[in-house]
Amino acid sequence: LIKCQMVLSWKVLNTVAKVTAYIPEPKQEYEVENQRQILESIATVKDQLNFSFQNDLKEEQDTYNYFLS
């Protein structure tokens with residue numbers, strides 16, 4: 001397995017998302033199961049990034065609203 005650690009940043013929002021995911025190595029010969037595992041791992045990374053980004057946006061909005069009230 002490949003340990004894939006991604007740190008993505010968006011300059012506009014100054015938000016950083018950190019995701020650690022395990023992505024299986026591709027086999028020398030094509031195997032359907034191996035490809036499914038890789039696709040599932042990539043989908044998991046996408047879901048984790050979307051979830052953490054939405055939480056960051058909510059926290060940022062809550063902070064903004066707190067200081068305006």
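Buried residues make up 19% of the 69 residues in the protein; buried means under 20% relative accessible area, exposed over 50%, and partly exposed in between, with a 1.4 Å probe and protein chains only. This is a predicted model, in which local features need pLDDT of at least 70, side-chain atom pairs count only at pLDDT 80 or more, and totals for chains, interfaces and linings use all residues. Residues are numbered from 1 along each chain as its sequence is written, and side-chain values use heavy atoms, with hydrogens and water left out.

**Confidence**

- The mean pLDDT of the protein is 75; pLDDT is the predictor's confidence in each residue, from 0 to 100.
- A pLDDT of 70 or more is reached by 74% of the residues.
- Confidence is highest in helix α1, at a mean of 84.
- Confidence is lowest in strand β1 (residues 2-10), where the mean is 47.
- Over residues 5-13, pLDDT stays under 50.
- For residues 5-13 the model has 22 contacts beyond four places in sequence; contact means heavy atoms within 4.5 Å.

**Architecture and surface**

- The protein has 1 helix and 2 strands. Helices (H or I, at least four residues) and strands (E, at least two) are DSSP runs, numbered from the N terminus.
- The order from the N terminus is β-β-α.
- Among contacts with a separation of 6 or more, 30% join residues 24 or more positions apart.
- The protein exposes about 5900 Å², an area that comes from the Shrake-Rupley method with a 1.4 Å probe; for residues, only the protein chains shown count as cover.

**Helix α1**

- Helix α1 covers residues 32-68 and has 37 residues.
- From first C-alpha to last, α1 reaches 54 Å, close to the 54 Å expected at 1.5 Å a residue. The expected span is 1.5 Å times one less than the number of residues.
- The buried residues of α1 are Asn-34, Ile-38, Ser-41, Val-45, Leu-49 and Phe-53.

- Asn-34 lies in α1 and has a relative accessible area of 4%, so Asn-34 counts as buried.
- A polar atom of the Asn-34 side chain lies 3.3 Å from the backbone nitrogen of Lys-27. A polar contact is a pair of N or O atoms within 3.5 Å; within protein, one must be able to donate a hydrogen and the other to accept it, and residues adjacent in sequence count only if both atoms are side-chain atoms.
- Leaving aside neighbours within four places in sequence, Asn-34 is in contact with Pro-24, Glu-25, Pro-26 and Lys-27.
- Arg-36 is also found in α1. Arg-36 counts as exposed because its relative accessibility is 53%.
- Arg-36 and Pro-24 are 12 residues apart in sequence, and their C-alpha atoms are 9.9 Å apart in space.

- Ser-41 lies in α1 and is buried because its relative accessible area is 14%.
- The side chain of Ser-41 reaches the backbone oxygen of Tyr-22 at 3.1 Å.
- Not counting residues up to four places away in sequence, Ser-41 touches Tyr-22, Ile-23 and Pro-24.
- Ile-42 lies in α1. Its relative accessibility is 46%, so Ile-42 counts as partly exposed.
- Ile-42 and Tyr-22 are 20 residues apart in sequence and 9.1 Å apart in space, C-alpha to C-alpha.

**Aromatic pair**

- The structure holds 1 aromatic pair. Tyr-66 and Phe-67 form this edge-to-face pair, at 5.3 Å centre to centre and 80° between the planes.
- Rings of Phe, Tyr and Trp (its six-membered ring) pair if their centres lie within 6.5 Å; planes under 30 degrees apart count as stacked, over 60 as edge-to-face and the rest as tilted.
- Both Tyr-66 and Phe-67 are exposed.
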